[in-house]
Amino acid sequence: MNFKQEIHDYIKSGETSSKNLGLEIEHFVIDKDGKQISFDQITSLIEKAGKELQAEIQYIDGFPVGYHTDKYAISLEPSCQFEISINPYSSLNMIADVYQEFFSLWQPIFEEIGYRIETKGNLPLVELGLIDPNDIPLSPKKRYKYMDAYFKNSGKYGKYMMRASASTQISIDYASQQDLIRKLRILEKISPILMTMMENKTKSDTRLPEEQEKTHLLRIQEWDDLDPERTGFFPYSFDDDFGYDKIADVVYHTPLILLTDKGETTYIGHQDAAKLVEDHVILEDDDPDRTRSLVEHVLSMGFFHFRIKKYIEIRIADSVPIDKALGYTALLKGIVYSDDNLDTLEQELKDIDTLTKIQDAVLAIEHKGSDAVIYHGKTVKDWSDYLIHLARNSLPETEKGYLDHV
């Protein structure tokens, strides 16, 4: 079987009747002056806590950079952003309980050495212009060294994304190829509204150095300009022939920057999986475990607003406090797991049929925020209220209250 087909089959294998949600939140760990914890400090704490929990500790390049329990995993992003990835659950109460378990463990650990957990879309010191992202060291992992070098030539904001940004991510299930397409397109259409609802700035009038007219969605601006070959909305997602084949083709031809294989990470620059197959670096009759690992790697190197794996990963929200993150999770649950709401939005937004129209809405919001007039002459605020209304009508009574915090 060829490698592109392996990618196709991997994505198809995600089909499920489950309606779970996975929540990930990246946190800054900062001291009283707003400076981030060092790599040596936090990896030492991770190893100690992981051992005490009898968790599976993850080592990369010899460093303890995360651990897995039966409910969640933690990991480190490029400049020690501290991420929790909660296992998929259908119950919002369960997700809330797991996060509280994580927070109750880690907040006292950090407080004891003079640090605290902070949730923002950008590190406050950087957003306020008090330090340059280049003043922040990267974790000594080969992956981040190679990405940092690559992004210096692909866009303006690689140093911001890697060193000073943090997000909230939600993953959702799909039952079939058609279900994936439907959910993805609706999510892309409402994404400018969701981005605005989940914006989390330190100060209302801050902006990026080279975008003085735009005071909103700073983290989205950073990602959009990072590297057009792997960011933004998923290519071809409104084409008539969009599906698993087209997704696999995009992934197959996305430059990889680096290759992690058999425990080693090497720099490969602009080469994509197609080139590695041609050069027999990726062998199409290889061991199934290695093939699966390579498929997961190439999927991970696309940084689109919506990343497709064995689920749809929604990557458009800033890092926010847990109450707001749970409200956001509830909002998405009430929309994507309600056939009535999907039908309603599909009909109401049928004229939003290109990625250009969606990106135009994002641009308007970057200038005017929730007051921006986007689809059908309505403001983002109007659309936000409407989405909350739809979700509230479909959620169980025990979960409607989470929407009060979104």
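Predicted model: local features only at pLDDT ≥ 70, side-chain atom pairs only at ≥ 80, totals over all residues.
Reader: What makes the aromatic pair of Tyr99 and Phe103 stacked?

Author: Two values settle that. The ring centres of Tyr99 and Phe103 are 6.1 Å apart, and rings pair if their centres lie within 6.5 Å. The angle between their planes is 20 degrees, and planes under 30 degrees apart count as stacked. Tyr99 and Phe103 therefore form a stacked pair. The structure holds 18 aromatic pairs, this one among them.

Reader: Where do Tyr99 and Phe103 lie in the chain?

Author: They sit in helix H3, residues 92–112, and because they are four residues apart there, about one helical turn separates them. Both also belong to an aromatic cluster, together with Tyr67, Tyr72, Phe82, Phe102, Trp106 and Phe110.

Reader: Why is Tyr99 called buried, and why is Phe103 called partly exposed?

Author: Tyr99 has a relative accessible area of 5%, and buried means under 20%, so Tyr99 qualifies. Phe103 has 27%.

Reader: How do you know that the charged end of Arg315 sits over the ring of Trp223?

Author: The charged end of Arg315 is 5.5 Å from the centre of the Trp223 ring, and the cut-off is within 6 Å, along with an angle within 35 degrees of the ring normal. Lys378 also lies over a ring face, that of Tyr386, at 5.8 Å from the ring centre.

Reader: What makes strand E1 largely enclosed by the rest of the structure?

Author: Ten of the ten residues of E1, residues 21–30, are buried, so the strand is largely enclosed. Both faces are covered: one side carries Leu21, Leu23, Ile25, His27 and Val29, the other Gly22, Glu24, Glu26, Phe28 and Ile30.

Reader: How do you know that E1 and E5 pair?

Author: Pairing needs at least two bridges, and E1 and E5, residues 82–89, have six, in the antiparallel sense. Glu26 stands opposite Glu83 in E5. E7, residues 167–172, runs antiparallel to E1 and is joined to E1 by five bridges, with Glu24 opposite Gln169. E1 also pairs with E6, residues 116–118, in the antiparallel sense over three bridges, and Val29 stands opposite Ile117 there.

Reader: Which classes of residue line the second largest pocket?

Author: Its lining has nine nonpolar, five polar and two charged residues. The pocket holds about 240 Å³ of space. Of its 16 lining residues, the closest to the centre are Gln36, Ile37, Asp135, Ile136 and Pro137.

How values were computed: Residues numbered from 1 in each chain as written. Heavy atoms only, no water. 1 Å grid on protein atoms, 1.4 Å probe; cavity = no way out; pocket = protein on both sides within 12 Å on 5 of 7 lines; lining within 4 Å. Points joined across faces, edges and corners; volume = space filled by probe spheres on them. Nonpolar A, V, L, I, M, F, W, Y, C, P; charged D, E, K, R; others polar. Phe/Tyr/Trp six-rings, centres within 6.5 Å; stacked < 30°, edge-to-face > 60°. Helix = DSSP H or I, 4+ residues; strand = E, 2+ residues; numbered from the N terminus. Buried < 20%, exposed > 50% of the residue type's maximum accessible area, 1.4 Å probe, protein only.
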